Amino acid sequence: MLSNIIEQERINLSTYPDGHLPLAKRVRIAGEIKDPETINKIFLACCKFAFTKLHINDNLLLDILKKAGRTLYEKEINDFGLIYEQNKNYLESMDKWPLSGVAMACLSLCRSLDTGSAGILNMEEYEGQDDNIYDWEDWNADFFASNAYSGGNPFLNEGSIQKRIEFWDYYLETALKIYRSPDRIADSEVKGGIAESTDIIRSKDYNDSFLHSKIKEVIDLVLQDLKESKAGSDWIRIEIEGQDIGGMGMKGFYFSNDNERNRFELTYYLYDGDLSAVKLMDKVKKHIYEQSPNEGTWFSYLLTIYPDQTYSVAYNFDDPKIFSDKAPNLEPFVGEFKKYPRLQDFTPQWWQDIIKNQGLQYRSL
């Protein structure tokens with residue numbers, strides 16, 4: 001039974017070398033599912049997960065993902081064989097990581113949509129080999145997406161093991177959700193990226209040396225808080241939900257080996273100067289705004305930290321929901337826009353309504 005297979009693999013994930021879910025296990029899952037459309041929905045969710053979590057801003061990839069979604073969920077007709085051939089050389093020539101990894105995942109998705117998931121359902125003379133036995137052109141979208149999200153190929157000892165485990169755990173959970181409810185868009189629940197379902201694409205670079213140094217300082221303070229909270233050392237990741245609008249705040253959670261979410265107390269954010277995690281993040285916010293004031297800046301974020309101190313940050317520029325457990329409060333967005341005005345093209349519709357009602361002015365070119 002598929003649910004039993006998936007639950008067992010979620011348990012097994014931490015035992016696999018480098019956190020990689022073997023191809024043989026995914027072939028077995030695909031064989032249980034059988035339906036090519038369902039499998040392609042899983043591949044699409046994997047691509048969107050990597051695209052969103054890694055803050056990829058690329059119109060071509062966004063267009064491919066949108067067309068794939070409309071084809072799979074709205075029965076729109078698209079020639080993915082043609083899309084594959086037209087974009088193959090360009091996407092394969094991308095050399096900036098992780099954009100190149102996500103590009104290859106999207107290209108593989110096009111091939112899978114064109115061939116009815118033949119790359120995993122109809123593998124000739126398959127005898128349990130893993131992904132590394134095959135040429136990279138034959139890899140499926142899920143493996144490309146896992147490499148992009150984790151930071152590299154497990155067979156070359158690249159990337160973060162914890163992030164790879166996180167990806168494959170998402171894959172397993174999502175595969176079961178889609179199998180049980182194939183008409184429900186599973187990736188609508190994915191956290192991260194530029195929140196709110198808008199088409200706003202930004203050119204900002206979230207990975208320069210200044211931002212990296214400030215976030216590393218925040219991570220050091222968070223890890224000190226976790227140590228002082230006596231939470232133990234058996235955690236697999238930390239999530240910090242933070243805001244910087246109408247006041248600054250942070251909430252800390254750590255996940256144990258059984259993936260249970262636990263709250264822990266943050267104290268250093270109450271300090272001054274560079275011993276204040278929220279004030280360090282305020283510097284991050286201002287720096288991002290200075291890169292491109294026309295595009296605005298974030299007002300909340302999700303910082304995910306792994307035991308090897310690698311991390312990812314999902315900045316929220318556009319969604320009024322600040323914390324996951326609280327309803328939106330629109331009042332602070334008046335002052336936020338006065339302080340950090342942006343172009344209308346980079347302002348979501350719900351915020352445009354506030355701006356109109358308050359008689360505020362957009363930033364001009």
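Here are some notes on this predicted model, going from its cores to its sheet and cavities.

1. Ground rules. This is a predicted model, with local features needing pLDDT of at least 70 and side-chain atom pairs counting only at pLDDT 80 or more, while totals for chains, interfaces and linings use all residues. Residues are numbered from 1 along each chain as its sequence is written, and side-chain values use heavy atoms, with hydrogens and water left out.

2. The largest core. Start with the largest nonpolar core, which has 63 residues. A nonpolar core here is a set of buried Ala, Val, Leu, Ile, Met, Phe, Trp, Tyr and Cys residues joined through side-chain atoms within 4.5 Å; buried means under 20% relative accessible area, exposed over 50%, and partly exposed in between (1.4 Å probe, protein chains only). Ile29, Leu61, Val102, Leu109, Phe167 and Tyr171 touch the most other members. Elements giving two or more residues include α1 (2-12), α4 (59-74) and α9 (161-180), but the largest share, 10 residues, comes from α3. (Helices are DSSP runs of H or I with at least four residues, strands are runs of E with at least two, and both are numbered from the N terminus.)

3. Zooming in on Leu109. What does Leu109 touch, not counting residues up to four places away in sequence? The list is Asn40, Phe43, Leu44, Cys47, Leu65, Ala68 and Ala141, where contact means heavy atoms within 4.5 Å. Apart from this core lies another one of 32 residues, with Leu223, Val278, Val284 and Phe317 among them.

4. A lysine to look up. Leaving out residues up to four places away in sequence, Lys41 touches Leu72, Tyr73, Ile178, Pro182 and Asp183.

5. The sheet. Five strands make an open sheet in the order β3-β2-β1-β4-β5, with antiparallel pairing; two strands pair if DSSP finds at least two bridges between them. β3 (261-264) and β5 (311-316) stand at the edges with a single partner strand each, so one side of each has no neighbour in the sheet. On average, neighbouring strands are turned by 20° against each other, direction ignored. Helix α11 (residues 277-291) packs on the sheet and touches β1, β2 (248-256), β4 and β5. The direction of α11 makes about 110° with that of β2, using axes fitted to C-alpha atoms (for helices over the stretch in contact) and angles from 0 to 180 degrees between N-to-C directions.

6. Strand β1. Follow β1 (residues 235-244) next: 10 of its 10 residues are buried, so β1 is largely enclosed by the rest of the structure. On one pairing, β1 and β2 share 9 antiparallel bridges, and Ile240 has Gly252 as its partner in β2. These two strands form a hairpin with 3 residues between them, and Gly246 in the turn has a positive phi of about 65°. With β4 (residues 300-305), β1 makes 6 bridges; Gly242 is partnered by Tyr301 there, and Glu239 stands opposite Thr304.

7. Residues lining the largest cavity include Arg26, Ile29, Phe43 and Tyr171. Helix α2 gives the most to this lining, with 4 residues.

Terms used
1 Å grid on protein atoms, 1.4 Å probe; cavity = no way out; pocket = protein on both sides within 12 Å on 5 of 7 lines; lining within 4 Å.
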